[in-house]
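Subject: A structure for you to look at

Hello,

Here is the structure I promised to pass on. Please open it beside this email and follow along as you read.

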Amino acid sequence: MIQRLLLLTALAEVALSHPVEEGELQLVQVVIRHGDRAAQDGYATDKSAEVLFRGNGELSDDGIDNAHQQGFDFKKRYVDQYKLFDERYIPSEVRFRASTVPRVLMSAGSFSNALFKRTRGGNVVVPPIYTKDYNDDALLAPDFSCTNGWDEVQTALNLTNTDNIANDALVAMEQQQWPDSCKDVPANKVDAIIAELPNKAIKMPLAYDKCAMMPAKKFMYDYIELLGGGGDHYNELRLKRTVGMLTQELLDNMDDVSNFEILCRLSISRAIERPRRNGELFQKVSCASKTDKTGCKTEKFRVYYSHDVNVLALSHVFRSIGTFKKITPAFSSALVLELWKNSKGYHVKIFLKNGQDAEFVYTGLSEEDSKLDNVKKVRTFWLPISGWNSRSPANTLLRRRWNATSRRKPEIDCIDE
């Protein structure tokens with residue numbers, strides 16, 4: 001009986017690793033956290049500021065190096081192994097979008113230049129990285145300024161108002177839920193000890209090390225989950241605010257690829273030009289090159305550089321949050337959505353690469369759930385605001401109104417559901 005159970009377990013693990021026939025890789029989308037940084041406020045030791053010389057919240061030298069290593073790992077997988085895009089950098093094949101926060105932009109630059117072959121003169125190739133002002137970026141910049149949608153948080157933490165909810169919730173959690181195993185560590189150093197733990201140039205007290213290795217990371221996971229509205233702190237409105245538009249863009253991109261062959265056949269001898277979603281730049285789909293069966297070419301690798309809140313919330317949407325095992329996302333953690341086409345149609349494989357030292361871990365969608373049509377059902381079960389379809393006339397108008405003003409988000413974000 002025991003041998004039979006072991007055999008079944010082994011077979012289940014094989015099925016989990018290879019749930020469906022792969023076929024041809026069509027599109028890869030990466031939502032990734034910035035590299036190692038200093039804490040947003042304060043330091044773990046007296047020497048930390050000297051090592052983290054760029055200041056609080058800024059990328060460290062380790063962060064630059066680790067983002068580059070993460071990029072190199074993606075190159076090995078998608079350039080060397082799958083030949084998805086050209087190592088010489090062809091603008092029509094890849095696109096990079098980042099939050100405008102300096103540590104995020106710097107991480108995106110370091111990651112991206114690891115993907116491509118150097119020039120003949122030995123210089124690195126850094127592709128353009130598109131961004132928007134933080135206050136206008138509903139795609140990648142988390143915003144906690146809306147005062148509604150926090151009722152259960154207020155009740156659980158006994159908060160009187162939500163004017164500064166992100167900070168007040170953390171302070172309350174530090175006072176009420178700080179782990180007993182971290183009793184010798186000031187709770188307000190939680191961000192600092194997690195941020196500085198991997199840095200070999202910083203030697204923290206032993207109690208800080210022990211706390212940061214696990215209890216503090218679980219504590220921070222709970223807080224980040226709460227902010228984004230996912231996991232055990234599921235809140236539909238907060239989840240939409242955090243990754244609603246990003247989810248819609250990822251799904252739209254997969255739609256574009258799955259419908260692309262039809263569009264290209266209709267326009268085989270000319271370029272199709274249409275506005276990008278969310279008021280971004282125009283995208284050109286060129287049908288002049290002869291690089292595939294249809295004679296068409298489109299972006300195959302899209303990277304969205306962002307923050308831990310976005311990565312964790314998006315993992316909830318795509319049923320991958322359990323892969324984190326309730327530990328806060330590592331620096332440079334990446335959620336990867338691969339779109340494949342095989343004899344049965346299009347399907348999606350989702351991986352987590354939780355930091356530059358981690359492997360690509362399949363997050364466990366079954367063969368049925370991985371079908372593109374089933375993956376796209378997240379639109380119906382978690383974006384139920386009436387008519388919320390990025391291509392509907394109503395929401396096209398909403399986006400135009402939003403982009404024509406200085407407002408950060410559409411009115412939909414702060415309404416009471």
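To talk about pockets, we need a definition: on a 1 Å grid over the protein atoms alone, a pocket is an open set of points where a 1.4 Å probe fits, with protein on both sides within 12 Å along at least five of seven lines, and lining residues have an atom within 4 Å of a point. This is a predicted model, in which local features need pLDDT of at least 70 and side-chain atom pairs count only at pLDDT 80 or more, while totals for chains, interfaces and linings use all residues. Residues are numbered from 1 along each chain as its sequence is written, and side-chain values use heavy atoms, with hydrogens and water left out.

The pocket

The lining of the largest pocket is made of 46 residues, and R33, R37, D191, M220 and D308 lie nearest its centre. Its volume is about 1200 Å³, where a volume is the space filled by probe spheres set on grid points joined across faces, edges and corners. Two or more lining residues come from each of helix 3 (61–81), helix 6 (165–177), helix 7 (190–196), helix 9 (215–228) and helix 11 (308–317). Helices (H or I, at least four residues) and strands (E, at least two) are DSSP runs, numbered from the N terminus. By class, 23 lining residues are nonpolar, 11 polar and 12 charged. Here Ala, Val, Leu, Ile, Met, Phe, Trp, Tyr, Cys and Pro count as nonpolar, Asp, Glu, Lys and Arg as charged, and the others, Gly among them, as polar.

The whole chain

The protein chain has 14 helices and nine strands. Of its 417 residues, 53% count as buried, meaning under 20% relative accessible area, with exposed over 50% and partly exposed in between (1.4 Å probe, protein chains only). Among contacts (heavy atoms within 4.5 Å) with a separation of 6 or more, 70% join residues 24 or more positions apart.

How confident is the predictor? The mean pLDDT (confidence in each residue, from 0 to 100) is 83, and 77% of residues reach 70 or more. Residues 1–16 have pLDDT below 50, and this stretch has two contacts beyond near neighbours in sequence. Residues 268–295 are also below 50, but have 63 such contacts in the model.

The core

Which members of the largest nonpolar core touch the most other members? They are F74, Y78, I193 and F301, out of 99 residues. A nonpolar core is a set of buried Ala, Val, Leu, Ile, Met, Phe, Trp, Tyr and Cys residues joined through side-chain atoms within 4.5 Å. Leaving out residues up to four places away in sequence, Y78 touches L25, V28, K83, L84, F85, F301, V336, E338 and F360.

A few single residues

K83 sits in the loop between helix 3 and strand 2 (94–98) and counts as exposed because its relative accessibility is 62%. Most residues other than glycine have a negative phi. K83, however, has a positive phi near 55°. K326 is not a glycine either, and its phi is about 60°. K326 belongs to the loop between helix 11 and strand 7 (333–342) and is partly exposed, at 39% relative accessibility.

Is A172 buried or exposed? A172 is buried, because its relative accessibility is 5%. This residue lies in helix 6 and, beyond four places in sequence, is in contact with L157 and L159.

P102, in helix 4 (residues 102–113), is partly exposed at 43%.

Happy exploring!

Methods. pLDDT is the predictor's confidence in each residue, from 0 to 100.
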